[in-house]
Amino acid sequence: MVRPDEYVPTNYLSVLIMVIVGFIFGLGGLIFGSFVRPRFYYKEKLVPYECGNEPSGLPWQKIAIRYYPIAILFAVFDVELGLIYPWTVGFSGLTSTGFLVMIGFLLVLLLGLVYDLKKGILDWHRR
Amino acid sequence: MRLSPTYLLFKDLVTGLLITLRTFFRKPVTVRYPHEKVQVFPSFRGRHAMVVDPETGKPRCVACLKCSVVCPSRCIKIEYEVDEKTGERRLREYILEALRCVYCGYCEEVCPVGAIVLTEWFEYSGRCREDLIFNLEKLVQNWKEHVAKWDKEFYENKYWVLKGVPLKLKPAPRRMGLVVKIKGVKVDG
Amino acid sequence: MARPLFMSIFLLLFLALFLLLFRQKKVVYQFLVYLVMMVLLGIVYLFLGSEFLMAFQIIVYAGAILVMFLFFLYLYPEEEFKIQDMRNSTLIKTLIPSLLFVITLILILFTFDVREYEASASVYSVKELAKLIYNQYPLAIFLLAFILTYPMIAIYLLMKGSESDD
Amino acid sequence: MVSNNLFLEILLILIKIAVVLGIVLLHAAYTVYAERKIIGRMQARLGPTEVGPYGLLQPIADLLKLLTKEDIIPLEAERLIFLVAPLIVLTFAIVNLSVIPFHPSFIIADVNIGILLILAGASLAVYGIILGGWSSGSKYSLLGGLRSAAQVLSYEIPLGMSLAGVILAAESFKLSDIVNHQAQSFFGMNAIPQILGFIVFLICAFAETNRAPFDLPEAESELVAGYVTEYSGFRMGMFFLAEYISIYVMSLLIVHCYFGGWTLPGWLLTIFPPLKFVPAPLILLIKVYFFVFLFIWVRATYPRYRFDQLMSMCWKILIPVSLLNFLIVAFLKRGGF
């Protein structure tokens, strides 16, 4: 094993190259297109689309708060997923305590989800 | 939540998938228009034409204005002049906006002399609006093109009656009157 | 040989991103810089030898918690998310937190005692990590479960509050 | 760490990437053609016929059209973010390909946390959608981006949850390990013992790629084109290219995680021995083609979901079911099965 102060993750080099290649692929298409595509701009073309009407007001307007709980719930369950994954990989080395604690963890989270569903957080229609 | 077996086994979803799969192996109904042509039904109503009298070579229209009155989209405009002595109307111009026409066929039905007709010709288009506003000249031209397509002396269609055609060549009357019997009296409905 | 080079690059990048972060006028751009920093932090974890921590960092911090921030952009119209212009404030004020962060990072990266490596070798494999966490600290996991239910209850209170406003 | 060696290594990686990208992009381009053709036939139409024989040159014509179209940036848009958003989506769609094995010995990046990298890429690609919708300066884009973000985020959880069952069975994040584990297991594929997880994963795959019946972000009838409303030319093309690449990524994931990748189950080989001589890439290709066909088939069949139905299906049905699947797998494995 390599000493940690000399460790360089070389097998991730290909992922990095893939990111760069993907970025260059998109950018290259845009740059290549910029040589051939036409440019006839006028005001009507640059106005945001609103089914033919003149746009009314700013597009950035207050939206329903119902979307925000989804973001919070997603964060909660993502942390949960992050904790499940090492558990699944190290499954065969777990003692019964290690096994049961995750079952308990999942049940507590399920309890939280059931609470939210009972309270109608995710119901789109107001009760 | 329903817990019936049909719901749990996604029966309705699978049925839908099978229907589309069955259609996948069917012959497509598409007609690739410029390459193949559609069979036009005999009652099809297409481009307008003004019937020309074969003997005199003049349009048959007598400027009675029935068509322009009956037209639901009001696309017919007729200009005429009245002969002072005889009181006879003479057609000066007949303008028909095909862009506004709804192809209802009232004009040809109401015409007492069978002058304005809707032909079976559907392949017509124009580069600008003026191309599809027919005046008398264009309407007569349409009729001539239409007649040229047929090798018969006269074109006849069982859905409209051309004046001057021998009676025996005409098809049977279009609408049979509904016979209603009321206490032995025959009434045509 | 290659590693101090990479680490120096990361440090410089963090410093530059911190300066960039405080000199943005709009919240969106601040947010974008912050996103880049989060991903970069994941790559630093990778260089420290923990692949799983990188994935966790990107999935949870860059992927989930920052999305929560981003939803705020949707919740507020433009007039409200334009923040105070910080470019006129003194540079030193903005430098203090960034320098604090970078110094902490230097302490972590360059004062690593190689003799401790044998003791901490287990953390480098996810399997060993799982054994360590779940067998020896079950109470902490259970506590975390209860902590994670707090936001779920908080959502209800939030929704209730917003509905009574209308 | 010899520099000469590193250079050769980079060259090798670049060749591998070129091969994979070439194959996948060609497939993605012709999936557009196949989709139009198949959906056409399923609606008793013909689909594209005019460009080239049987319309086979249609994707090339589409690409040329997209490249030569005018690139319009709305006046009210946040310029920089508007420009970057499609690049983010396309880049992370392409990066996902790097950890998927195409052959027992052909993989671009053989890393220990393969599946996690795909999930990380998916969670970063969401930013392209959200920021693209937000920065366009159009109300349709804003709503489309918001809906899309909520949808993709929600369905990432049951997706990850059902994947946890697969990872638990193989105890590894590597896709090649998962495939090998399935080949040695009793059923030969994960889809039979983890049928619940498979169904959940399939539904989530449709939702993650924004395909019908979950194409809410692009709902033409209510939101014009969702977050791509203001995009034009090659930028719009990038969003669609990313969508078609992610169809392939999802199909490959389904095949690797639930249908044994390039292997055939042992019981099938005992019933019908000549199948042993089928080459591994062909097996993979046929399985992947089936799932790509399924993506198109479903699009031709089902109507679109309503947004509240979509959300409640995710949180009320899919997440509990995927949890149940995970617990079943965990208890079975603990019990020694």
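1. Lining of the largest cavity, by class. In this predicted model, the lining of the largest cavity divides into 19 nonpolar, five polar and three charged residues. The lining residues number 27, and the volume of this cavity is about 390 Å³.

2. Where the largest cavity lies. Ala125(D), Glu208(D), Thr209(D), Ala242(D) and Ser246(D) are the lining residues nearest its centre. Four helices of chain D, namely α3, α4, α5 (139–170) and α9 (233–258), each supply at least two residues of the lining. The largest share comes from α9(D), with eight residues.

3. Cavities overall. How many cavities of 30 Å³ or more does a search of the whole structure find? The search finds nine.

4. The largest pocket. Its volume is about 1,600 Å³, and 49 residues line it. Nearest the centre of the pocket are Leu16(A) and Val19(A) from chain A, together with Val39(C), Leu40(C) and Ile43(C) from chain C.

5. Elements around the pocket. Chains A, C and D each take part in the lining. At least two residues each are supplied by α1 (13–36) of chain A, by α1, α2 and α3 of chain C, and by α1 (3–42), α3 (79–95) and α4 (114–135) of chain D. Which helix gives the most to this lining? That is α2(C), with 10 residues.

6. The pocket lining holds 43 nonpolar and six polar residues, and no charged ones. The lining of the largest cavity, by contrast, includes three charged residues.

7. Extent of the interface between chains C and A. Contact involves 52 residues of chain C and 57 residues of chain A. The area buried between the two chains is about 5,200 Å², and carbon and sulfur atoms give 78% of that area.

8. Polar pairing across the interface. Between chain C and chain A the count of salt bridges is zero. Three residue pairs are in polar contact, counting pairs with both residues at pLDDT 80 or more.

9. Two or more residues each come from α1 (2–22), α2 (27–47), α3 (51–75), α4 (78–81), α7 (126–136) and α8 (138–165) of chain C. The largest share, 17 residues, comes from α8(C). By class, this side has 38 nonpolar, five polar and nine charged residues.

Conventions. Residues are numbered from 1 along each chain as its sequence is written. Chains are lettered from A and ligands numbered from 1 in the order in which they are written. This is a predicted model: local features need pLDDT of at least 70, side-chain atom pairs count only at pLDDT 80 or more; totals for chains, interfaces and linings use all residues. Side-chain values use heavy atoms; hydrogens and water are left out. Contact means heavy atoms within 4.5 Å. Buried area is the accessible area (1.4 Å probe) that two parts lose on being put together, summed over both. A salt bridge is a side-chain nitrogen of Lys or Arg within 4 Å of a carboxyl oxygen of Asp or Glu. A polar contact is a pair of N or O atoms within 3.5 Å; within protein, one must be able to donate a hydrogen and the other to accept it, and residues adjacent in sequence count only if both atoms are side-chain atoms. Ala, Val, Leu, Ile, Met, Phe, Trp, Tyr, Cys and Pro count as nonpolar, Asp, Glu, Lys and Arg as charged, and the others, Gly among them, as polar. On a 1 Å grid over the protein atoms alone, a cavity is a set of points where a 1.4 Å probe fits but cannot get out, and a pocket is an open set with protein on both sides within 12 Å along at least five of seven lines; lining residues have an atom within 4 Å of a point. Grid points are joined across faces, edges and corners, and a volume is the space filled by probe spheres set on the points.
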